[in-house]
Amino acid sequence: MDKNRKVHQFKNPVLNWIEFRLPIISYFKKEYGDYPMPKNCNYFWSFGALATITLVTMIVSGIFLAMNYTPHTDMAFDSVERIMRDVNYGWLMRYIHSNGAAFFFIIVYIHIVRAMYFGSYKYPRELNWILGVFIFLLMMATSFLGYTLPWGQMSYWGATVITNLFSAIPFIGEGLKTWLLGDYNVGNATLNRFFALHYVLPFVIFGVVGLHVAAVHVHGSNNPDGIDIKTNNDSVNFFPYMLIKDTVAMCAFGVAISAVIFFGPNLMAEVDNYIPADPLVTPAHIVPNWYLAPFYAILRAVPDKLGGVLLMFGAIVILFVLPWLDRSKVRSCNYRPIYKWFMMGFFVNFFALGYVGMLPAEGLYLLIARVGLLYYFGFFFIITPFVGWIEKPSKLPLSISDVYAKNIAPNIGGGEKGIPSPAMQKDTYL
Amino acid sequence: MAKKPKNKRRDFLQLSTVTLGAVGTAAFIWPFLKSMSPAEDTLAAGSTEVDISTIEEGQSITIKWRGKPVFIKKRTKEEIDAAKMVQASDLRDPQDDADRVQKEEWLVLVGVCTHLGCVPLGQKVSDMKGEYDGWYCPCHGSHYDTSGRIRKGPAPKNLDVPPYTFLNDNTIKIG
């Protein structure tokens with residue numbers, strides 16, 4: 001071992017004792033204390049922190065729900081009803097968990113929109129983006145598994161439809177489906193394993209989130225102008241500035257989710273899921289959770305089983321290669337006069353796909369889904385590569401401070417007044 | 001590039017260690033993967049005997065077999081004729097009506113849409129039966145005819161015919 005290792009010295013002897021044996025305190029100081037954030041980051045940059053907090057909330061509420069839940073086809077539905085009626089605060093745990101899942105997706109979608117609009121996926125943060133898409137995939141899998149557990153009609157038929165997607169794969173499809181279900185149809189074996197996987201996957205997500213955060217801390221956060229930090233004047237320390245900002249965002253989020261949990265806990269739930277699962281009767285209209293609806297719309301827009309399945313999964317897989325489809329070196333859409341509008345069109349289109357994904361696939365809705373499908377893939381394969389070639393970006397500011405020098409009153413420009421420079425913020429804690 | 005005998009020995013040891021390790025890992029993983037396949041008791045899910053003496057002409061009943069719905073329909077003359085008139089080669093999943101039934105009037109089907117596994121409508125008089133007067137899947141709009149063959153919509157295959165035998169005129173054994 002290196003005897004010359006420089007050990008960080010703190011005033012507190014207990015901290016010094018720990019630091020000498022495990023340098024965790026200097027690690028947190030570096031990554032969450034002095035960590036420089038671009039000072040122009042707006043509230044869009046709070047959604048990563050919000051997502052982390054929501055993940056922890058989901059894990060905690062999920063563990064307490066599991067203490068009262070029974071993963072058996074004969075008892076699952078009743079055990080959920082017991083949680084709602086008899087378990088102390090069981091209703092609260094369940095409403096936190098079910099609405100928390102929906103809010104988790106809202107937050108993550110905004111987080112993804114942020115990353116796409118401001119070009120956070122570009123060099124040098126491509127791996128960070130890939131890890132993020134991977135988290136998104138894991139979230140979708142986890143939410144699907146969890147939705148099966150209450151064993152209502154939507155649980156049962158949602159699980160049936162989604163696992164049948166695998167049967168579209170030529171040759172091995174049917175065998176793969178049977179292997180996944182542990183039976184020839186969704187049954188007790190399926191419910192048992194879905195519960196086991198639904199319990200463990202969030203911890204996998206937690207691990208990947210750790211990598212995701214570690215990766216972004218290597219090159220630092222992107223910002224609304226998409227330019228790098230050049231001097232100390234361009235950044236503020238994470239503590240206390242961004243921590244306080246994230247706390248404000250968290251309070252606003254807390255108000256929003258509480259309003260839904262206490263005043264409209266079933267706003268985002270499907271009525272049919274309060275009917276116990278019946279393998280002999282399919283509900284007239286199977287609806288996915290709204291946060292998966294855009295992908296469901298793509299599945300139904302294609303009049304071919306295998307084609308629909310491939311395009312649906314393709315719609316997610318395409319995200320992985322976005323950093324290489326985009327030819328432009330300019331990160332932020334604020335400086336891309338043409339691409340900006342296509343990007344906004346993409347968000348509107350995704351929203352429209354989600355809307356028709358909740359409605360029957362016929363007539364006008366089907367037409368909208370097909371147009372939406374074309375724009376979705378056209379955006380990635382045609383618009384994104386080609387706009388990068390033909391577009392002339394606006395002039396980028398020289399530095400982050402320069403943005404303030406131009407856009408805000410000149411007397412606080414450059415971070416000399418108004419915003420203290422990081423040099424002045426050092427040693428304000430510990 | 002010529003190697004010294006010493007290096008050859010080292011290479012052999014490395015290669016055989018890695019190979020044995022890989023085989024051992026695969027052998028270790030296999031039981032875990034296999035444990036997810038249907039268990040013995042699931043596979044042993046047996047057969048079901050159904051009394052069909054009370055089914056009227058044109059009527060269809062649903063019974064449960066291995067956790068799945070099975071449709072048993074006593075077809076009318078018109079329905080049989082409609083099913084027979086179709087040219088098999090015109091179909092997505094070409095099959096003659098005669099290959100799908102043992103006795104003309106009795107149609108036995110697994111009531112699971114071959115698209116994504118929903119139960120098609122058409123068992124009740126009030127149900128939608130689709131454009132071919134057989135069954136209609138409400139999930140993604142597949143239409144089946146009076147022989148349970150796919151005619152329109154996203155489903156790739158005809159409704160499955162389960163293995164069954166007539167024990168006598170009034171009883172069918174499914175499975």
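A residue counts as buried here if 20 or more other C-beta atoms lie within 10 Å of its own. I start with that cut-off because B:T114 has 23 C-beta neighbours inside 10 Å, and therefore counts as buried. What we are looking at is a predicted model, with an ipTM of 0.79 and a pTM of 0.88.

Let me stay with B:T114 for a moment. Where does B:T114 sit? It is in the loop between β4 and β5 of chain B, with β5 covering 135–137. Setting aside neighbours within four places in sequence, B:T114 contacts B:I150, B:A155, B:P156, B:K157 and B:L159. There is also B:D160, which is 46 residues away from B:T114 in sequence, with 8.1 Å between the two C-alpha atoms.

Now chain B as a whole. Chain B has three helices and nine strands. In sequence order the pattern is α-α-β-β-β-α-β-β-β-β-β-β. The C-alpha trace of chain B spans about 85 × 35 × 25 Å along its principal axes. Its radius of gyration is 26 Å, whereas a compact globule of 175 residues would have one near 16 Å.

Of the 175 residues in chain B, 27% are buried. If we take the contacts in chain B with a sequence separation of 6 or more, 49% are between residues 24 or more positions apart.

A word on confidence. The mean pLDDT of chain B is 89, and 95% of the residues score at least 70. Which elements of chain B have the lowest and the highest mean pLDDT? Helix α2, residues 40–43, has the lowest, at 82, and strand β4, residues 106–110, has the highest, at 93.

Next, chain A. Chain A has 17 helices and two strands. Its radius of gyration is 24 Å, close to the 22 Å from the globule rule for 430 residues, so chain A is as compact as a globular protein of that length. The C-alpha trace of chain A spans about 70 × 60 × 50 Å along its principal axes.

Buried residues make up 37% of the 430 in chain A. For contacts in chain A between residues at least 6 apart in sequence, 75% join residues at least 24 apart.

The largest nonpolar core has 94 residues, and the members touching the most others are A:F104, A:I298 and B:C118. Helix α5 of chain A, residues 90–117, gives this core its largest share, twelve residues. Beyond residues up to four places away in sequence, A:F104 touches A:A51, A:T54, A:M58 and A:M139. There is a second, separate core of six residues, and A:M37, A:C41, A:W45 and A:V236 are among them.

Which residues of α11(A) are buried? They are A:P294, A:F295, A:Y296, A:A297, A:I298, A:L299, A:R300 and A:A301. The cover over them includes α12 (305–320), α14 (339–357) and α15 (363–390) of chain A.

One more residue in chain A: A:F238, in helix α10, which runs over residues 238–263. Is A:F238 buried or exposed? There are 20 other C-beta atoms within 10 Å of it, so A:F238 is buried. Leaving out neighbours within four places in sequence, A:F238 is in contact with A:Y32, A:G33, A:Y35, A:M37 and A:L243. A:K30 is 208 residues from A:F238 along the chain, yet their C-alpha atoms are 9.6 Å apart.

Last, the two chains together. On the chain B side 22 residues are in contact with chain A, and on the chain A side 28 residues take part. Strands β2 (60–65) and β3 (68–74) of chain B each supply at least two residues of that chain B side. By class, the side of chain B that touches chain A has eleven nonpolar, eight polar and three charged residues.

How values were computed:
Residues numbered from 1 in each chain as written. Chains lettered and ligands numbered in written order. Predicted model: local features only at pLDDT ≥ 70, side-chain atom pairs only at ≥ 80, totals over all residues. Contact = placed C-beta atoms within 7 Å. Helix = DSSP H or I, 4+ residues; strand = E, 2+ residues; numbered from the N terminus. Nonpolar A, V, L, I, M, F, W, Y, C, P; charged D, E, K, R; others polar. Rg over C-alpha atoms; globule rule 2.2 N^0.38 Å. Buried ≥ 20, exposed ≤ 12 C-beta atoms within 10 Å, placed from the backbone. Core = buried A, V, L, I, M, F, W, Y, C linked by C-beta atoms within 7 Å. pLDDT = per-residue confidence, 0-100.
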